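Reader: I have a model open and would like to go through a few of its features. Can you take my questions as they come?

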Amino acid sequence: MPLVHETDYGTPASTSETMVTLTIDGNQVTVPEGTSVMRASMDAGIEIPKLCATDMMDAFGSCRLCLVEIEGRAGLPASCTTPVAPDMVVSTQTNRLKDVRKGVMELYISDHPLDCLTCAANGDCELQDMAGAVGLRDVRYGYDGDNHVKARNNGDLNLKWAPKDESNPYFTFDPAKCIVCSRCVRACEEVQGTFALTIEGRGFDSRVSAGMHEDFISSECVSCGACVQACPTATLIEKSVIEIGQPEHSVVTTCAYCGVGCSFKAEMRGEELVRMVPWKDGQANRGHSCVKGRFAYGYSSHKDRILNPMIREKITDPWREVTWDEAFAHVASEFRRIQYQYGRDSVGGITSSRCTNEETYLVQKLVRAGFRNNNVDTCARVCHSPTGYGLGQAFGTSAGTQDFDSVEKSDVVVIIGANPTDGHPVFASRLKKRLRQGAKLIVIDPRRTDIVRSPHVEASYHLPLKPGTNVAILTSLAHVIVTEGLFNEAFIRERCDWSEFEDWASFVAEPHHSPEASERFTGVPADFVRGAARLYATGGNGAIYYGLGVTEHSQGSTTVMAIANLAMVTGNIGRPGVGVNPLRGQNNVQGSCDMGSFPHELPGYRHISDDATRDIFEKLWGVKISNEPGLRIPNMLDAAVDGSFKGLYVQGEDILQSDPDTKHVAAGLAAMECVVVHDLFLNETANYAHVFLPGSSFLEKDGTFTNAERRINRVRKVMSPRNGYADWEVTQKMAQAMGLPWNYTHPSEIMDEIAATTPSFALVSYDYLDKVGSVQWPCNEAHPQGSPIMHVDGFVRGKGKFIRTEYVATDERTGPRFPLLLTTGRILSQYNVGAQTRRTENVVWHSEDRLEIHPHDAEQRGVRDGDWVKLRSRSGDTTLRALITDRVAPGVVYTTFHHPDTQANVITTDFSDWATNCPEYKVTAVQVSPSNGPTDWQRDYDEQARQSRRIVGKLEPAE
């Protein structure tokens, strides 16, 4: 199996529809107008030497290796910066060009270390390749005199030399090997958009500098890896390559972190992963990456990983390692006992948004066909279930409307309740690029997130609303659009129900929905709201992107419907550059919903009460399926406390850390008699488990993930499962132990079953995905190429539905005891509950959760930056260190939830969305006070966790 080769065309492709024909080395070539001579040559199979050029960035023209001769033109123009012209005649190889290129290369090599045999880039060095390409055999200038290579010249200190920077945990920077091609600087600017690198000095004194002459770890570098990928030498190189050596084969797979769904080449030596390199043909990421996907894969081989099944009788007992067969038999016996003793509905399952579509499908099938009930739910319950409900009501389908490429045609972008630079950084880079090109930005968020103001990007409007008032702000935006006549009447009459629009328009036009009236709820100046509404309605293609700051509220579903109303009233649906786009948090949260993980829906969002849909699965599975919706996660926990729910299979989720009101979750789990946790690590939920089944990482399995844009991407196994089985095999063997006749031999067979039963997946197969790379559902006879844009000619439900969205204040109120409002979110270097990223070097950037507090609130409480503070709510208390910042407004505090020793969800309440039970994480009334150390609850929790993780009777790791 060889390395996956990617052609570098030197400059980006032109999107022009006008074609130009020219002649290159006697070959006629026809390419789009605006194409560079370099790229046209590559199209003709002629590779021009280059060092500063790469097709991930705009042409730069500094290396002077790519010079060509053009008939009728004087001099030797750079082929990367020279656009093609009709009837142009180009020569890429003449004696004159050979001499010039060889001379240029001599200059490069005269100031470069000649340590090729011991260099980590040996075999993967473009400088080495180009020296061979131009026929360099000698360097006339010698290696004495001024240089950046030697620490000393003739015994004296060489002030031009700089030591290697090894401050970043994932890559090194060796200035001695730098050829100042500027590719790293341009990648940081053009691809990532951070502008953390620069060229300092002039002429021979030029050198790459991170920040203000800082080391990489101290600079603004976000460790996305774009600079490392762009570097043509070993100046910037992964530490893993230095340690392991060059890879010898690679496999294209999909990242298992956020909902962007980036494609990577896993580059290997045998079964050892050398590095993850973003795949240029990945249609979600287009060759870019973030610190998590690029570097934070070390958790898969971390010492904390559990590789053998374990059981125990009571949660106070130590774990005992057993064989797989013993574990499966024990689970089957316990679940049969519980159902016999307490009834069929006394057990259930939770699917994973980190596992594949195929694995998720099997878990819900196990619950319905094995447990014979519908007690199945997924983590989308606590994140994007309001998206499914709200968009389903308005548009008729429970997913976003666009692909990520769509943002390149947006003129106005609204971001509400999302922090893409931290939560979805690869999409954020594409968004920032469009904003630098002139698109306008509106941000609706209580915090001043990085996207509000970053290098060469500044929001036209930031509406820092009070947490919990999303519906009020969106309805007031609609008020301006309707009362000022800014709505798209033609679109509404053609695509929506006009009578419903009239009813909705009269509702939003009422005076109490005006920005001036809403200001007392939202805290946002009315003129800001009016300006933002006018910009969105009249600024061209308007796109809305939203996140958990929309859905995790008591009015989450209402807010989603309000967003849909805004898109419909302005006609921003059904074409590139517009739409309603939920930024989903986990790699397969969209897929877990698609696969029927909700207790009221079968795969494809078909209600469990529909006789025809049940009939499809009943005939295939050979069982009778209940037509009654099962229990949601909160209902399971309530029923457990009440004594009627006793058994739970949890695959790849950590509900004790991720779900709200931690004490209630713990009480529910403690009341159960058989909790089965299927995961990589002994997570927090495993503290209350009776059976632990070791899981497999995304590197160890085949399958598919479905990202936030409905894109179905292949996940390919690059190494054998360290625990012995892929997760789908574990679920199948558990089903077999319970008497189910499952005999899948490969996940492709599971996908075939999904396609046969789910209309939106009808044409999806592994063969098809291998052929086209990826596809966006629906993919069926009506849409054989998939559906990058939804609702193009009409809404799935027929006519778009306008829905009244009355603001109802949450029951969670501030008062004298709890005068502040807590909201929560993520940070770039960590992911969700941190089970994966905390077991990587990413802890260098975020080793603990911090509480952001405004200077005014901190001063009132005698809190200084870095002080320990107690964070207390009606539900509980915890301690963490304060971070004083004006990112948050007075009266608002903010923290992340990545670290279990903080357990931020002990603070959050059990208030939830009225339609879906999605918890209201984003609004909790709290008080902050100085603290001397952990709370009693934290100490008790830590001791219980420590006792729970004891293991006796270890077996040899499974083969």
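Author: One term to begin with: buried means under 20% relative accessible area. Also, this is a predicted model.

Reader: Fine. Which residues of β28 are buried on one side and which on the other?

Author: Cys674, Val676 and His678 are buried on one side, and Val675, Val677 and Asp679 are buried on the other, so under the 20% cut-off both faces of β28 are covered.

Reader: Which strand does β27 join, and over how many bridges?

Author: Strand β27, residues 647–651, is joined to β28 by 5 bridges, and the two run parallel. Leu648 has Val675 of β28 as its bridge partner.

Reader: And how many bridges join β28 to β29?

Author: There are 4 bridges between β28 and strand β29, residues 691–694, again in parallel. His678 stands opposite Leu693 in β29.

Reader: Change of topic. How many aromatic pairs are there?

Author: The count is 26 aromatic pairs. One of them is Phe487 with Phe501.

Reader: Why is the pair of Phe487 and Phe501 called tilted?

Author: The ring centres are 5.3 Å apart and the planes stand at 55 degrees. Planes under 30 degrees apart count as stacked and over 60 as edge-to-face, so 55 degrees makes this pair tilted.

Reader: Where do the two residues sit in the chain?

Author: Phe487 is in the loop between α13 (470–483) and α14 (489–495), while Phe501 is in helix α15, residues 498–508. They are 14 residues apart, and the pair links distant parts of the chain.

Reader: Is Phe501 buried or exposed?

Author: Phe501 is buried, because its relative accessible area is 3%. Phe487 has 25%, so it counts as partly exposed.

Reader: Which residues form an aromatic cluster?

Author: Tyr170, Phe171, Phe173, Phe216, Phe295 and Trp845 form one cluster.

Reader: Which ring does the charged end of Arg493 sit over?

Author: That of Trp498, at 3.8 Å from the ring centre. Arg714 lies over the face of Tyr766, with 4.2 Å to the centre of that ring.

Reader: On to α12. How many residues does it have, and how far does it reach?

Author: Helix α12 covers residues 425–436, which is 12 residues. From first C-alpha to last it reaches 16 Å, close to the 16 Å expected at 1.5 Å a residue.

Reader: How many of its residues are buried?

Author: In α12, 10 of the 12 residues are buried, and the helix is mostly covered. Among them are Phe427, Arg430, Lys432 and Arg434.

Reader: What follows α12?

Author: Gly438 does, and its phi is positive, near 125 degrees.

Reader: Last one. What is the strand order in the open sheet of 3 strands?

Author: The order is β30-β31-β32, with antiparallel pairing. The edge strands are β30 (703–706) and β32 (774–776), each pairing on one side only. From one strand to the next the twist averages 30 degrees.

Definitions and conventions
Residues numbered from 1 in each chain as written. Predicted model: local features only at pLDDT ≥ 70, side-chain atom pairs only at ≥ 80, totals over all residues. Heavy atoms only, no water. Phe/Tyr/Trp six-rings, centres within 6.5 Å; stacked < 30°, edge-to-face > 60°. Buried < 20%, exposed > 50% of the residue type's maximum accessible area, 1.4 Å probe, protein only. Lys NZ or Arg CZ within 6 Å of the ring centre and 35° of its normal. Pairing = 2+ DSSP bridges. Expected span 1.5 Å × (residues − 1). Axes fitted to C-alpha atoms, helices over the stretch in contact; angles between N-to-C directions.
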